[in-house]
Amino acid sequence: ATSPRHNGSSLGLPRAVLRFAMLRATCISRHVLGGGLRKPSGALLCRAASTNLDAIKFGSGDIPGFITGEKGKPAVILIQEWWGITDGIKEKAAKVAATGNYRVLVPDLYKGKIGVDAEEASHMMGSLDFQNAVQEIDQAAGFLKAEGSPAVGIVGFCMGGALTMGGLAASKHIACGAPFYGVNFGLFDTSTMLKPVQGHFGEMDEMAGFSDAATGRKLEADLRAAGNKDAEVFIYPKVGHAFMNAS
């Protein structure tokens with residue numbers, strides 16, 4: 001396996017790619033997740049059929065979502081990619097919960113809709129009210145804290161990566177975040193973001209200004225310039241966008 005580059009230095013591929021400073025543990029692993037943003041493969045969908053997630057509603061507007069893991073454990077909010085809540089996303093949530101012994105909540109930002117192809121997924125993402133989605137993420141974090149989770153972190157992929165930073169900034173309940181190949185600088189203020197952030201980007205990602213390596217480096221540089229000592233970004237060589245995907 002190749003090693004990710006962090007500020008030009010060679011590092012061993014980290015087993016854990018999300019370090020929850022507040023949780024004193026790790027919960028997301030490239031090897032554990034094994035999925036990502038492109039449409040999940042048939043094999044992935046078949047494996048996901050055995051996951052055990054409960055449908056729930058939370059927040060003031062009965063926001064739909066899926067949850068797994070023991071109530072009261074440290075919690076992770078996992079944000080969908082542009083396809084919606086696919087079986088692949090549910091599988092990620094189940095693996096995170098089982099591997100780290102976490103309570104994991106996946107808010108359904110599309111309210112049950114799933115993109116059947118890239119055109120439809122793109123349309124649904126374009127129609128999403130991102131500011132409202134950020135508020136729903138905040139309500140998800142509040143729900144988890146009210147259940148008894150001592151700390152809450154957030155992770156997301158592509159569209160979910162962008163919303164990870166937005167939710168982290170907007171919610172007093174979320175302690176730290178890990179955006180994967182997606183940043184929307186309009187959803188948060190780097191000058192005031194002092195919570196732990198760990199970003200993950202592909203060296204060959206061509207989505208300039210959103211998820212390319214330069215954007216990842218900018219995220220880290222801007223956060224560190226603002227005094228965030230717990231901001232770091234990993235750039236993975238020889239991979240493009242959505243490198244967390246199964247084949």
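Helices are DSSP runs of H or I with at least four residues, strands are runs of E with at least two, and both are numbered from the N terminus. The close-up views below show a predicted model.

**Figure 1. The largest nonpolar core contains 38 residues.** Ile77, Leu128, Leu163, Ile174 and Leu219 are the members that touch the most other residues of this core. Helix α5, which spans residues 130-147, makes the greatest contribution, supplying seven residues. A separate, second core comprises 25 residues, among them Ile85, Phe157, Tyr181 and Ala242. In soluble globular proteins, nonpolar side chains tend to be buried together.

**Figure 2. Surroundings of Ile77 in the largest nonpolar core.** Neighbours within four places in sequence are set aside in the following list of contacts. Ile77 touches Leu105 and Pro107, and also Ile137, Ala140, Ala141 and Leu144. Further contacts of Ile77 are made with Val152, Gly153, Ile154 and Val155, and with Ile174.

**Figure 3. Packing of helix α5 against helix α6.** Two packed helices are described by the angle between their axes and the distance between the axes. For α5 and α6 (residues 159-170), the angle is about 60 degrees and the axes are 9 Å apart. The crossing of these two helices is right-handed. From α5, the contact involves Phe130, Ala133, Val134, Gln135, Ile137 and Asp138. Helix α6 contributes Met159, Leu163, Gly166, Gly167 and Ala170. Sorted by class, the residues of this contact are seven nonpolar, three polar and one charged.

**Figure 4. The salt bridge between Lys111 and Glu136.** Four salt bridges are present in the structure, and this view shows the one that joins Lys111 to Glu136, with 3.0 Å between the closest N and O atoms. Lys111 belongs to the loop between β8 (103-107) and α4 (118-127), whereas Glu136 belongs to helix α5; the pair therefore ties together parts that are 25 residues apart in sequence. Side chains of opposite charge can pair when their charged atoms come close. The two partners are assigned to separate accessibility classes: Lys111 has a relative accessible area of 42% and is partly exposed, while Glu136, at 9%, counts as buried because the cut-off for that class is under 20%.

Figure 5. The closest N and O atoms of the Asp222 and Lys218 salt bridge are 2.8 Å apart. Asp222 is partly exposed at 24% relative accessibility, and Lys218 is partly exposed at 42%. The side chains of Glu220 and Arg224 form another salt bridge, with an N to O distance of 3.7 Å. Glu220 is buried, at 5% relative accessibility, whereas Arg224 is partly exposed, at 38%.

**Figure 6. Val155 and Gly156 in strand β9.** Strand β9 comprises residues 152-157 and includes Gly156; Val155 is found in this strand as well. Val155 has a relative accessibility of 0% and counts as buried, and Gly156 is likewise buried at 0%. Apart from neighbours within four places in sequence, Gly156 is in contact with Ile79, Gly161, Thr164, Ala178, Pro179 and Phe180. The C-alpha atoms of Gly156 and Tyr181 are 8.8 Å apart, although these residues are separated by 25 residues in sequence. Val155 and Gly167 are twelve residues apart along the chain, with 9.8 Å between their C-alpha atoms.

**Figure 7. Positive phi values at Lys111 and Lys238.** Most residues other than glycine have a negative phi, and most peptide bonds are trans. Lys111, which is not a glycine, has a positive phi of about 55 degrees. This residue is located in the loop between β8 and α4 and is partly exposed, at 42% relative accessible area. Lys238 also has a positive phi, near 65 degrees. Lys238 is part of the segment after β12 (231-236). With a relative accessibility of 65%, Lys238 counts as exposed, because the cut-off for that class is over 50%.

Note on methods: Residues are numbered from 1 along each chain as its sequence is written. This is a predicted model: local features need pLDDT of at least 70, side-chain atom pairs count only at pLDDT 80 or more; totals for chains, interfaces and linings use all residues. Side-chain values use heavy atoms; hydrogens and water are left out. A nonpolar core is a set of buried Ala, Val, Leu, Ile, Met, Phe, Trp, Tyr and Cys residues joined through side-chain atoms within 4.5 Å. Buried means under 20% relative accessible area, exposed over 50%, partly exposed in between (1.4 Å probe, protein chains only). Contact means heavy atoms within 4.5 Å. Axes are lines fitted to C-alpha atoms, for helices over the stretch in contact, and angles run from 0 to 180 degrees between N-to-C directions. A crossing is left-handed if the near helix is turned anticlockwise from the far one by less than a right angle, and right-handed if clockwise. Ala, Val, Leu, Ile, Met, Phe, Trp, Tyr, Cys and Pro count as nonpolar, Asp, Glu, Lys and Arg as charged, and the others, Gly among them, as polar.
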